[in-house]
Every structure is written in structure tokens, then in C-alpha cells.
Amino acid sequence: LVPQVPLRTEELSELYRELSQHPGLNVACLGPDLTTQYGGKYCSLYTEWLQRDLARAEKIKFCRQYLLFHDGTSIVYSAPVGTCSEIKGELLSRESPSGTLKAVLRKVPGKEKEKEKEKQFLEVWDQNRKVKSIDLTALDKHGSVYDDDQFGCLAWSHSETHLLYVAEKKRPKTESFFQSKDPELDTSDEDTGQPQKEDAPLKVGFTCPGTDGVWPGGCGADRAVPQGEQFMYHEDWGETLTTRSVPVLCILDIEGNSISVLEDIPEHLSPGQAFWSPEDTGVVFVGWWHEPFRLGLRYCTNRRSALFYMDLTGGKCELLSEDTKAVWSPRLSPDGCRIVYLENDVLGPHQQCSRLRMYDWYTKQTSTVLEAVLRQEWGAFPGIYCGALPGMCWAADSRRILLDTAQRSHQDMFVVDTATGATTLLTADGPRGSWSVLTIDRDLLVARFSTPSCPPMLKVAILPAAGHEAQAQWICLQDAPPVPGISWGIHTLQPPPEQEHPQYGGLDFDAILLRPTEGPTAQKPPLVVMPHGKSLSPPCCTPTGQHHPLPLPFAGGPHSVFTAGWMLYPAALCCVGFAVLLVNYRGSLGFGQDSVASLPGNVGMQDVRDVQLCVERVLQEEVLDASRVALVGGSHGGFLACHLIGQFPDTYRACVVRNPVVNIASMVATTDIPDWCLTETGLPYTPDALPDPAQWTEMLHKSPIRYVDRVRVPVLLMLGEDDRRVPPKQGLEYYRALRARGIPTRLLWYPGNSHALAGVEAEADGFMNMALWLLKHLEC
């Protein structure tokens, strides 16, 4: 083997700069059908993309539009219109049902000279002009509007006269015990508790009830200013949701320029993901229980929640689903008759195989469309594993829906018949990789496709008639040529008999192997092993139009999955000259609920042995340099990497970990997900539980810190200062333990970054340090 010529830092940074410029496709929206003078139909397709800008150290959002000419059964012609255009300050956007209006939530920086804070405006655009611009900050009816995909929404009423959104509840002004009470010094209405002028009552196609003309649940006068509450602690919803505490539903009357905050929602619920009910008689929303306290919600689809209906004619809040489950992603059918939503069991693994449920608006009956799949069978529907349903997921017949889900190590799109539960794979004849539904409207289907060697592409098709869905013909609107020098394939592995789970025997698992096809190491490359964490790829589209972070294969876990899609770090490492092994150990999504259920109680053992088995098997079957093997992982992937260098110190030469779990026992009291620490250790969790000495011992026993005395390889740690999921003290604990034992250790600390280390600057710096560490310690 001719050793690879070491890459200079400048060459490495240029490689990263080039690959990081491939944009991610986040949003697609179809305009109304128009008719040409010759009788043909066409519509516009609006898309939004997200790209890293290293010079500005931020992610920029830009849009591009396309024209689609179709005859109802096939797309006759398609083409882009104009060039890309950057979008600035836009937090949320949503077109009205008719497609003639567009609502935009925009942030506007405050004036520095006047020391103004950032403002939020809610705008309404007609086809060629802005017709409304409402300063929400100045109105001061609520706090900041939520633009996240967990709670947030921006929903038009069917009449297109009102907008529904979610914001932080306005907190009352507080005073010191020593605040001056001289009325001449302090005479504001807010400070003296004087009533403020009420908004005009909202009218949504019916008479506003109540003798006083106040909207049910609307804002009343401010109360007297309380003392001694300046430093009250306000719970938040954890990782990436630290500014979310008490969400409220808000309604803007566009014609009357008035805002009402709905206050009749039960106090023990936090509302979100809301939309208008049929005939605009009320709003439907998901309500999360937050008693006795809030737990981290991001990537946790197991939090107790239910579907509710707020009747605006009488102020009554009605439960629509079971109140002992976890539900999310409600979607109303085009005919307004049915609502589909996803459902999981409460607590247990944070991510599971979900059920698809359907509520009939007129019969008030709920049915199960798809149950959780216990065992994934080749060629059969694998079950639902996704963070959200597409914002627009219903076919025009109001009977079929479209969704994408992990199917082992691929991500595929399926059509589901909600009447029969029949499923059809939409991508059987398409290339293998990662498919995501962006939107479907009038059976025009827009999708994203990528592979480990090919960045995201934009594809469109017309959904065929029921029974013929597999015949969909895909047209590529925006191509992305494959990155040269990368080949990839999938390995399937079966654990040996002694490593089978006693209750869940017969499970297998996958690994995706990327390897270089060019350069000095192509014949026998060194190997970088990456066990996954959580949150590998963003949900395809949300009802808010919210933009998600670019995919990072590091955050959270263990119940996630690597799918065969574009990921920047693995692709870049492959271009550097490393083979990269992405391991979907037992417990990963896409392999059936039994696989998910097999891991809790066995972390640090089953998952570690699966990764080690995969490494040993691949080194036997592929031409790789077994003397140069390294580990890279984040969160639970970092947990596994730290376990592996301690349990199998002779296999690995270097290790890089990002926000790793190293001591479950010390993490349980500081994380936003204490239930994870007990559940994955195999212990019961209740909010009032205090671990006893035996449980502390069990958590410590399954942690990688137990094996720190056996570590011999150099370790690079990367920690996010604002990580709420795996607090940085976890990494510091490991750093000190390694340093005390004389292990070469380096620590990178990223202020302003949370668990995923997704800031553009941190992500770029992390790659450079990781690549240089691997090149140095694998002697490449």
C-alpha cells in the first residue's frame, strides 16, 4: 500500500467548502392550476432550499420556482423559472387555500441607535403586493411567535379571513419589592394595572357569543403588577426549545386588524400544531400534558398528548383522541371529513414504530389505519418511523395519504389507503436511496431524493389512480450530479447465537459502507466507524413551512437510523480517502418494533457487540486496512464509541466524539430527558422516581466511563456549551478521566451550540479538527 499523501489544511478546507455548498431541499408548495389559451393546464412550484454560507457563518435560505404543464395524468413539460433568490428574515410562510394570498411571519432587526429589540411582523401578500403588515411586537398581546416544527403553525381559515398561530404567552410585568409607587414617577397603564382597551370581537362567519362581546378565551385587562416574581423560574421544553414555556393559540382577524389569544384551553395542556376545523367553527390542536413538569420534547414522540377541538362558538374544549397516548401530526383531508395523525405509547423509547389513526369528523369515530409492525419482512410495509407526516399528505380523493418512512437502511415513500389499510411502495422502480415526500396537491406529487454519494434532487410525478400507484413516472426538476470517487453498498448481519436476544430472537441489522474509488487509498482504505445517534435527516415538510437543520448523523439515539441519503461528514471523509461504515445496530428504526424493544436494558452491551461484530465482519469481507480503524460518533453514537475503545482497545487507533453520553448515572439529574436514562438502562421511570443505590449502580455499570482504564487511543471531544440533552459536563467528566490516565486528549468547546453542534461555524470547525485528528493518528 502506498500511503496517502497527507492533505494540507488548505486542501482539506477547500474540499469541505465545496461539499458544504450542496443545498438541502426543505419546502415545496404548488400554486393553483391555470389554463393556457390552448386548453392546457399548468401551475407554479415554489421551493425553498437551505445552504451553508461559510463566509457569513450562517445557513441561508433561498427560493426557486418552476412551471409544471400537465394533462391530469402526466407531466407534459417542466422547467425552472428565473434564478435563485435569497429569502431574508422570513420565519414562517403559508399560502391561503385558494393560492391567491400568502401569510408571512417575518423578523426585523431593531434599530441599533434606538436600542430597539428584534421585532416580529405578520404580513399578508396578495399576488403582486403586500396588503397587510402587522407589528406583533408593538401590539404586545403575546410573546414571540413560535416558528418551530414542534408547536408552531401558521394556518389560514377556510374563509381566508383569519390566521391561526402559536406564540409564547405574555408574562405579566413584575416589580421589585422596592419599586417606587409614586404615581407621578410611574403612571403607565401596565404598571398601575389600569384596564387596557379590548380588541374588537373576532367574527369567523358567525356571531361572537357572550354578552360583553369578548371572544371566548380572549384577552382581558392586565392584572395588578405582582411583586417578588422577577426571578421566577419558568420551565421550558428542553433541547432546541429553551424559549418555549407556555404556548398559546392566537387568531388574527385580517380585516379587523385584531388579535385574540384563546385562554379557555385547560391549564395543564400546552397547545400546538393547530389548524381550523371544517366550516371554521373552531380549531383543532395537539395538547401536551406538562404536569408535574416539562420533559424535553425534541425528538421525543412518546410524550403524553392528545388531539383536541376548541369550539369557538361556545368556548368548549373537547377531547378527540385517547388521553393516555402520545399523538402528533394531525392532517385534515381535503373534503374536511377526516383527520389522520400519528400515535405512540407514552414513555418507553423516545422513537418507536408508530400507529396511523384516523378520526371521522362527522361520525366522531376513531379507527386504526395502520398498526405498529413488530417484525420487518422483506418486501412488506416496514411500519411508520418518521418525525412528522408531510404538511400536505392527502391525495385529491380524500382517501389515500402519502408518507415516507425508513425501510431498513433506505427511506421510501408509500401510499396508504385509509379505508382498507393497504400500502403501496411508490419507489419500487426508482433508484435506491432516500426518498421524502415534500408535498402533494391535486395529486401533483413533489419529492426529494438523495444517496450517500448524490446530494438532494427535486423530483415530481402525478399520483396514478388507486391500484396503479406503483406506475408513477418521476421527472427530475433539479438534478445534482453524484460526487465523484464514492461508492456505497449495504451489508446485512445476523448476530451469532450467543448474542441473540432471549425474547427477540432472529433480529438482524444493517450497515452502510462508503468507500473511495479514487486516490492512493482506494485499494485498501483506512476505516472510520460511525454508530448513529438520533435525528439523522430532517422531516420532509411541516405544516408551518419550518426549515430544519441540515442532516447531522450525531444527535441523540439510540432509536434512530442511518438511511442511504446524503450526509456531509461521511461523504467528505470518503473524499479524503477513508472508508466510512454507518452501523444500524439492533434497536434502530426501520426494522420493526421488536428491534426497537430489544435494546432498552441492553445498552452498552447489545449495541456495542453489534457494532463490533459489524466491524470485524466488514474487515473480513472487504479490502480495508484493519490496522487503521477509527471511531466517530455523537450522543448515543459517542456513547458507543467510548464503549468500544474501552471494551475492544486493540481494534481502534483513534476516536472522535461529539457530546457523548459517558456516565448515565451522573446524566440523569442534569438532562432534559431523565426518563431516557432509566428506560434505556432497563429501569422503570415515573416523574417522582428517585433512583436507589442499586439503580445508580446499574446505570453506572452500563456506562462507558466504567471502561476508561482500558482506553489507549487518542480521543478528540467536541462539546456544545448549550447542550440540554447531554450536558457538556458529561464530556468534561470523560476528558478529566482520560487526562488523569495519560491518554492524549483534546477538547473543543462550542459556545452558542446545543446538542447537534449544528451551527455553521461549529460544524465546519468540527469537520476540520475531526479529519486532521484522524489523518494524524491513523498515520495517513
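## Annotated regions

The unreviewed UniProt entry annotates residues 566–585 as a "transmembrane region"; UniProt positions are given in the numbering used here, feature names are shortened, and annotations may be inferred rather than shown by experiment. In this predicted model, local features need pLDDT of at least 70 and side-chain atom pairs count only at pLDDT 80 or more, while totals for chains, interfaces and linings use all residues. Residues are numbered from 1 along each chain as its sequence is written, and side-chain values use heavy atoms, with hydrogens and water left out. The span 566–585 is 45% helix and 30% strand, and its end C-alpha atoms lie 20 Å apart. Helices (H or I, at least four residues) and strands (E, at least two) are DSSP runs, numbered from the N terminus.

From the unreviewed entry also comes the feature "domain: Peptidase S9 prolyl oligopeptidase catalytic", placed at residues 575–778. That span is 42% helix and 14% strand, with 16 Å between its end C-alpha atoms. The feature "domain: Acylamino-acid-releasing enzyme N-terminal" is listed by UniProt (unreviewed entry) for residues 48–193 and 232–475. Residues 232–475 are 0% helix and 45% strand, and the end C-alpha atoms of this stretch are 56 Å apart.

In contact (heavy atoms within 4.5 Å) are 26 residues of domain 1 and 22 residues of domain 2. The two domains bury about 1,700 Å² between them, 60% of it from carbon and sulfur atoms. Buried area is the accessible area (1.4 Å probe) that two parts lose on being put together, summed over both. On the side of domain 1, Ile384, Leu389 and Trp394 lose the most area to domain 2, together 33% of what that side buries.

Across this interface the rule finds 0 salt bridges, a salt bridge being a side-chain nitrogen of Lys or Arg within 4 Å of a carboxyl oxygen of Asp or Glu. There are 9 residue pairs in polar contact between domain 1 and domain 2, both residues at pLDDT 80 or more. A polar contact is a pair of N or O atoms within 3.5 Å; within protein, one must be able to donate a hydrogen and the other to accept it, and residues adjacent in sequence count only if both atoms are side-chain atoms. Strand E1 (24–30) and strand E3 (41–53) are the elements that give two or more residues to the side of domain 1 that touches domain 2.

## Salt bridges

The count by this rule comes to 40 salt bridges. In one of them, the side chains of glutamate 14 and arginine 17 meet at 3.8 Å, N to O. Glutamate 14 and arginine 17 are separated by about one helical turn because they are 3 residues apart in helix H1 (residues 9–20).

Most residues other than glycine have a negative phi, and most peptide bonds are trans. Threonine 240, although not a glycine, has a positive phi of about 65°; threonine 240 is in the loop between helix H3 (189–192) and strand E12 (247–253). Glutamate 291 and proline 292 are joined by a cis peptide bond with omega about 0°. Proline 292 belongs to the loop between strand E15 (282–289) and strand E16 (305–311).

Leucine 619 is in helix H6 (residues 606–621). Not counting residues up to four places away in sequence, leucine 619 touches Leu527, Leu624, Ala626 and Val629.
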